[in-house]
Amino acid sequence: MSGRVHKSMLNAEVNLVFYFLSLFFAFFSRKIFLDCLGAEFIGLTGTLNSILGYLNLSELGISACVGYFLFKPLQSNNRQEIQEILSLLGYLYNWIGAIIFGGAVIVSLFFPLIFAKAELGFGIIYFAFYSFLGSSLIGYFINYRQILLSADQKNYLVAIYYQSANLAKIALQILLAYHYRNLYLWVAVEFLFGIIGCIILNWKINKEYPWLKVNRKKGKTLLRKYPEIITKTKQVFIHKIKDFALVRSDELFIFLFVSLKMVAYYGNYMIIISKLISLFSAVTGSVGASIGNLVAEGNKERMLSIFWEYTTIQHTIATILCFSLYNFLEPFVAHWLGTEYIMDHQILVLLVIFIYITNSRGSVDAFNYAHGLYADVWSAWAELIINVTITIVCGLQWGISGILLGKIVSLFAIVVLWKPYYLFTSGFKEPALIYWKGVMRNYAISALSFFSSTFILYLIPITPYQSIWSWIEYAAIGMVIFFAIDLTLTLLFAKGAKNSLKRIKSIKKL
C-alpha cells in the first residue's frame with residue numbers, strides 16, 4: 001500500500017470512529033440543550049457564530065493557499081521551505097486576529113439594535129459573543145500550525161486529540177445544562193475547552209515535528225520571497241467569500257427575515273444533515289491532500305482516471321444523502337424532538353436539491369484546488385451577487401424557502417455549469433465535452449435511483465411516524481431498495497465505477 005493511500009485510509013478510519021461518537025453526542029445533547037436551555041438560546045448561539053463568521057472573512061483564502069503551497073515541499077521534505085511558509089502564515093494570522101478583534105468590538109456596540117426583540121438579556125448575549133470570539137482567536141494566534149497536519153495527510157491526529165477534547169466538552173455541557181440550566185456555565189465551558197484543545201493539539205504538533213521552528217517576525221520579509229502566495233490568496237479570498245455566503249449565512253438571514261426561534265428549528269435539520277454529510281466526509285474528505293500530491297506528480301492519464309472514480313463516488317454519496325433525508329428526516333425529527341419541530345415540506349425539498357449539488361461537486365472542487373485554479377474571480381462575484389440578490393428578494397417573500405432558492409440558482413449557474421468547464425480546459429487541458437459525456441450518466445443514475453426507490457418505498461405498508469421502531473424498519477427497507485437500484489445502475493453505467501470497485505477490493509486485501 002502506497003504512503004498516500006495508507007494515510008488516506010488511516011484518516012478515514014479515525015474519522016469514522018469519532019464520527020459515530022460525535023453523532024451520539026450531537027443528537028443527545030441537542031435534545032437536552034433545547035429542553036434545558038431553550039430554543040431562544042440555541043438560536044442565539046447559531047446567530048452569534050454567523051456574525052463571527054462574517055468577521056472571519058478576512059482570513060478566507062490564506063489557509064487554502066498555504067495548504068496548496070505546502071504540497072511540493074512536503075513531497076521533497078524541504079523543511080526550510082515548510083518553516084518559512086508557516087512563518088509567513090503566522091505573521092499574516094497575527095494581523096488577521098487583530099482585525100477580527102477590532103471588528104468584533106465595533107459590531108458588539110450595535111447588539112442593542114440587532115437583538116432588540118430578543119427575549120434573552122444582553123448580559124448573556126455579550127458573554128457568549130466574546131467567549132466565542134476568544135475561542136476563534138486562539139486559532140489565529142496559536143493554532144495556525146495545524147494546517148501542516150492537513151497538508152501532510154495527518155488529519156487523524158487532529159481528530160484523536162482535538163475531537164477527544166470536544167467530546168469531553170459536550171459531555172460536561174450536557175451534565176451542567178441538565179443539573180443547573182445555567183447559560184453562563186454552558187458558554188464558559190465552551191471557551192475553556194477551546195483553550196484546552198489548543199494546548200493539546202500544539203503539544204502533538206511539537207512532538208510530530210520536533211524540527212519545526214516558526215518565526216512570525218520574519219513574515220514581512222518572507223512576503224517578498226513568496227509573492228505568489230499573496231497573489232493566489234487574493235483570488236481564493238473572493239471564492240471563499242462566496243462559499244461563506246452560501247453556507248455560513250443561513251442563520252443570520254433566517255434571523256433577519258423570520259425569527260430567532262426559527263434559527264433553532266432550521267438548526268435541528270442542519271444537525272441531521274451535517275452529521276450525514278460528515279459520515280461520508282470521514283471517508284472521502286481525507287483524500288484532498290492525496291489529490292494535491294497526485295497533481296504534483298503530473299501524470300494526466302492517472303489524474304483523469306482518479307477524477308472519474310472520485311466523481312462517481314461523490315454523486316453516489318449525494319444521492320444516498322438526498323434519498324435518506326427526503327424520506328426519513330421528517331419522521332425522525334418527530335420522534336427526536338416532537339412534531340412541532342417539523343418545518344414546511346417545501347423547505348425539505350429545496351434542502352435536498354441544494355445538498356445534491358453541493359455534495360456532488362466534490363471531485364471538481366478537489367482537482368481545481370490541487371491545480372491552484374482560482375483565477376476565475378469573476379465567477380465568485382457572479383455567484384455571490386446571484387445568491388444575495390435572490391436571497392433578499394425571495395427571503396422577504398417566502399422566508400427560509402426563498403433563502404434556499406437563492407443558494408440553488410447561484411450554485412447551478414456557477415458550480416454545475418462553469419466550474420467543470422474551467423477544470424477541464426485550464427487544468428486537464430481537455431475539451432469540456434468529455435466531462436459532460438461522463439457526468440450526464442451520473443445525473444441520470446441519481447435521478448432514476450431516487451425517484452424509483454421513493455415510489456417503491458411509498459408502497460410499503462409501514463407508518464414511520466407510529467414509533468421509533470417503525471421508523472427504523474421503514475428506513476432499513478428503504479435503504480435496501482435504494483442500494484439495490486443505485487449500485488446496480490452505477491456499476492453498469494457510471495464512468496469510473498468499476499475502477500473504484502477494484503480499488504476498494506485491493507485496499508481490503510491489503
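In which helix does Y458 lie?

Reply: Y458 lies in helix α20, which covers residues 432-458; helices are DSSP runs of H or I with at least four residues, numbered from the N terminus. This is a predicted model, in which local features need pLDDT of at least 70 and side-chain atom pairs count only at pLDDT 80 or more, whereas totals for chains, interfaces and linings use all residues. Residues are numbered from 1 along each chain as its sequence is written, and side-chain values use heavy atoms, with hydrogens and water left out.

Leaving aside residues up to four places away in sequence, Y458 touches Y326, N327 and Y474, where contact means heavy atoms within 4.5 Å. Y474 is 16 residues from Y458 in sequence, and their C-alpha atoms are 9.9 Å apart.

The wider packing can be described next. The largest nonpolar core has 120 residues, and F41, L48, L70 and F115 touch the most other members. Such a core is a set of buried Ala, Val, Leu, Ile, Met, Phe, Trp, Tyr and Cys residues joined through side-chain atoms within 4.5 Å; buried means under 20% relative accessible area, with a 1.4 Å probe and protein chains only. Helix α15 (residues 300-336) gives the most to this core, with 12 residues. Apart from this core lies another, of 22 residues, including I291, L304, F424 and Y435.

Elsewhere, L92 lies in helix α4, residues 79-108. L92 counts as buried because its relative accessibility is 14%. The C-alpha atoms of L92 and L223 are separated by 9.5 Å, although these residues are 131 residues apart along the chain.

Notes:
Helix = DSSP H or I, 4+ residues; strand = E, 2+ residues; numbered from the N terminus. Buried < 20%, exposed > 50% of the residue type's maximum accessible area, 1.4 Å probe, protein only.
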